[in-house]
Amino acid sequence: MTDPMNSESSYRPSPSRKPMAIAAIAVLVVAFGYLAYGGVEENLVYFLTPNELVAKGAKAVDRPVRLGGQVVPGSVQWNADALDLRFRVTDGSREVVVHSSGAPPQMFRAGIGVVVEGKYTRAGVFESHSLMVKHSNEYRAPVAGENHPDRLDKTLIRSSGA
Amino acid sequence: MIRILGLAAVWVALGMSVAGIIAAIWGLTRQRAPLVASAFQTVYVNFALLTIAVVAMVYALVTHDFSIGYVAQVGSRNTPTFYTVISLWGALEGSILFWGWVMAMYSAVVVWTNRHREGGLVPWASVALLTICLFFYILLVGPANPWHLVFPTPADGPGPNPLLQNHILMAIHPPLLYLGYVGMAVPFAFAVGALLAGEIHSDDWIKLTRRWTLSAWAFLSLAIIAGMWWSYEVLGWGGYWAWDPVENASFMPWLTATAFLHSAMVQERRGMLKLWNVNLIVSTFLLTILGTFLTRSGIVSSVHAFTTGTIGYYFLAFIALALVVSLVLVAGNSEGLRSEGHLDAAASRETVFLFNNLFLTGFTFVVVLGTLFPLVAEAFKGVKVTVGAPFFNKMTIPICVALLFLMGVGPSLPWKATSREHLRKMFILPAAVAIGIVVLALVLGMRDVYGMLAFAFAGFAIVCNTREYVIGVQARRRAHGEMIPVAFVRLVAANRRRYGGYLAHMGIITVAAAITASSSFRFEREATLKPGQSMPVKGDLSVRLKTMWGKDEPQREVVGADVEILRGGKVVGLLDPRMNFYRSQDQPVPTPAVRSRPTGDVYINLMAYTPDGQSATLRVIIEPFVPWIWFGGLVVALGAVVSAWPARRRTV
């Protein structure tokens with residue numbers, strides 16, 4: 001960090017120093033811009049499909065990635081006590097094994113679209129630290145008598161007396 | 001009927017603003033005072049017309065008139081009336097209408113309070129204001145028309161986005177944001193007015209502008225804090241800031257406005273930085289429009305939204321227009337924008353302000369870069385990317401630390417020049433406090449350098465700003481023999497701007513320290529529990545799932561978990577995190593439960609459950625010192641109010 005106490009040279013008012021001050025600021029700005037640009041490149045999170053991820057191979061390993069696809073039916077292994085979740089994500093052509101610790105969202109199930117954020121490891125497993133269910137904000141007219149599988153049993157609502 | 005009334009009001013306002021712009025320009029160029037006066041009248045009439053339009057829309061929402069496009073889009077017979085009213089700003093068209101109304105209100109207040117002012121500044125500013133109004137009216141009759149007819153009339157609608165009808169803060173955050181955002185158009189209008197009227201060389205306009213910027217800034221500060229709070233209370237991940245493009249959109253103009261509030265003082269005191277100040281005002285305004293473009297065109301979450309809607313092009317065209325007009329005006333006035341003073345010494349308040357501006361613009365640059373980069377990458381490289389939070393944190397944390405340091409140094413340094421003796425006297429105590437904090441942090445086992453520096457400089461700056469009050473009170477006591485409370489009140493009353501500013505500093509320092517603490521010492525644990533089962537969290541704190549319950553409401557089904565908080569085995573509190581299933585959407589919306597104490601929050605989110613109510617997965621987060629963020633935000637606003645309060649009634 002720059003200490004304003006020690007920066008006399010760049011802020012002297014005398015006319016001969018003025019170009020120097022401008023040059024110093026210009027250098028600072030360019031250096032800062034370069035740093036910032038490098039920082040962006042380093043921290044880019046790519047949106048990839050399983051196919052693209054596999055195609056990238058070693059280049060995609062250990063880089064932050066958002067992987068989008070569908071949960072392969074029958075691939076979900078969920079250990080509620082250890083909070084350990086394992087499933088496969090597909091885009092129709094390739095599958096990637098995803099591992100995450102922590103409870104999946106309530107809507108999570110086989111066949112649903114998901115976006116997982118994390119890193120692809122050498123072992124070929126995608127270690128995810130965040131799992132989102134792809135939701136549509138589209139309005140869907142409620143169907144009479146419809147009972148959503150994830151909504152709490154009416155028994156619980158009745159037993160609560162509400 | 002109500003549809004025609006609302007639409008007609010906007011169309012008439014559109015015509016009135018065109019007439020007002022022509023009348024003002026004609027009157028100014030031909031020196032016809034009555035024409036200028038009639039232009040002012042159109043500004044007031046505009047406000048009345050937009051008020052009619054907004055009231056009509058609220059009436060339509062409340063009476064569920066689904067023949068109106070916007071009502072059919074966000075209304076629902078099941079939604080509680082309160083959320084029906086505030087769904088006015090719940091989607092694109094309504095928010096543009098609300099925006100237009102706030103813009104018309106600001107224009108009317110600005111023109112009314114300054115109508116007797118001599119010279120061309122206010123008339124030209126009213127041209128700028130009317131032009132901005134006109135832009136929003138064009139949106140309202142064009143791509144964002146909320147009044148279009150829906151036929152056949154639907155019996156019911158989907159209701160507002162569930163996220164927007166789940167918390168009371170949705171009634172507070174958006175209006176505050178609009179007051180802040182739209183308020184930044186006023187300084188811009190004054191700058192354009194001063195440039196067009198040839199009054200840019202006088203300092204009069206900057207004084208006027210500073211006060212308006214300050215009030216808009218206060219609203220924007222509150223809005224950002226309220227937005228953080230909303231995100232914390234509703235989204236369920238236990239955080240309050242994610243460097244999301246929508247958050248960044250509100251933050252970018254805040255940064256440039258903050259820079260302006262400081263550099264304007266340099267211009268008033270020393271006649272310097274005139275060109276820079278005009279640029280900051282213009283940038284702030286353009287960033288508000290850019291922010292609206294980002295959040296309203298849907299371009300950020302998905303670039304494809306661009307092809308379905310045309311509103312994005314309108315915003316881009318308006319940004320281009322405002323940019324070109326500003327550049328031409330600034331270039332044409334380079335003589336009036338020349339600096340009169342110069343820096344005398346490195347160790348002076350002006351220098352600190354220069355660094356403050358350097359860091360704040362650097363900060364803005366980082367946020368703009370990180371926010372716009374994905375758009376550029378997709379447009380030119382065809383790759384879908386986001387810029388991760390680590391980028392923002394890595395780039396901005398050092399800047400924040402530097403700004404904390406400057407917040408302490410600035411108030412302690414006099415204008416122009418200072419002596420070594422003065423420097424020593426001023427900085428021994430704060431430096432000792434800073435060193436003490438570092439030592440304490442090291443002893444307590446903290447190893448994060450930036451976290452430590454943030455705490456140290458926060459302590460440093462708090463001491464510096466508090467001492468300004470102490471010095472002032474002591475001086476009054478010596479001079480007038482006043483009691484401490486009396487001396488304090490009179491001190492602040494006599495120098496509102498200055499002491500209000502220090503108060504705002506203290507609020508910002510509080511927010512910064514609380515953010516550092518909550519992100520450094522955050523702790524979370526997740527477990528699946530059966531009713532009656534408990535889990536240890538941290539120390540002697542544990543939680544126990546008492547029971548699961550369900551509730552039917554008109555617009556949603558609610559599932560909740562009653563969770564007891566135990567300290568040392570004794571129940572000290574009960575929290576009820578919930579999950580809400582709105583009938584119009586598949587995705588459930590969480591309502592995390594928070595127990596707040598000054599030392600921090602216990603935050604519980606219901607993650608998942610089995611439909612028979614026999615188990616629930618809970619995430620428990622310990623969030624140290626988070627309430628101080630909200631408190632600090634209030635202090636910032638209070639400081640701004642003290643600072644902006646008129647010293648005495650001006651008689652004209």
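**Exercise 1.** How many of the 13 residues of α8(B) are buried?

*Solution.* The structure is a predicted model.

Step 1. Locate the helix: α8(B) comprises residues 185-197 of chain B, 13 residues in total.

Step 2. Apply the criterion: a residue is buried if 20 or more other C-beta atoms lie within 10 Å of its own.

Step 3. Read off the result: 12 of the 13 residues are buried, and the helix is mostly covered. Among them are Ala185(B), Phe188(B), Phe190(B), Gly193(B) and Leu196(B).

Step 4. Identify the cover. The elements over these buried residues include α5, α6, α7, α9, α11 and α13 of chain B.

**Exercise 2.** Determine the reach of α8(B) and compare it with the expected value.

*Solution.*

Step 1. The expected span is 1.5 Å times one less than the number of residues. For α8(B), with its 13 residues, 18 Å is expected.

Step 2. From the first C-alpha to the last, the helix reaches 18 Å, close to that expectation.

Step 3. Examine what follows: just after α8(B), Gly198(B) adopts a positive phi of about 70°.

**Exercise 3.** Describe how β3(B), β4(B) and β5(B) are paired.

*Solution.*

Step 1. Begin with β3(B), residues 534-538, and β4(B), residues 541-552; these strands run antiparallel and are joined by 4 bridges. One bridge links Pro536(B) to Ser542(B) in β4(B).

Step 2. Inspect the connection. The two strands form a hairpin with 2 residues between them, and Gly539(B) in the turn has a positive phi of about 60°.

Step 3. Proceed to β5(B), residues 556-567, which pairs with β4(B) in the antiparallel sense over 11 bridges. Here Leu541(B) stands opposite Arg567(B). β4(B) and β5(B) also form a hairpin, with 3 residues between them.

**Exercise 4.** Which residues have the most contacts inside the largest nonpolar core?

*Solution.*

Step 1. The largest nonpolar core has 199 residues, and Leu404(B) and Phe457(B) have the most contacts inside it. α9(B) supplies the largest share of this core, 19 residues.

Step 2. Apart from this core lies another, of 28 residues, including Val543(B), Trp549(B), Val602(B) and Val620(B).

Step 3. Set aside the neighbours of Phe457(B) within four places in sequence: Phe457(B) is then in contact with Val401(B), Leu404(B), Phe405(B), Gly408(B) and Ala434(B).

**Exercise 5.** Give the order of the elements in chain A.

*Solution.*

Step 1. Chain A has 3 helices and 7 strands.

Step 2. From the N terminus on, they run α-β-α-β-β-β-β-β-β-α.

Step 3. Consider burial: of the 162 residues of chain A, 20% count as buried.

Technical notes
Residues are numbered from 1 along each chain as its sequence is written. Chains are lettered from A and ligands numbered from 1 in the order in which they are written. This is a predicted model: local features need pLDDT of at least 70, side-chain atom pairs count only at pLDDT 80 or more; totals for chains, interfaces and linings use all residues. Two residues are in contact if their C-beta atoms, placed from the backbone, lie within 7 Å. Two strands pair if DSSP finds at least two bridges between them. A nonpolar core is a set of buried Ala, Val, Leu, Ile, Met, Phe, Trp, Tyr and Cys residues joined through C-beta atoms within 7 Å.
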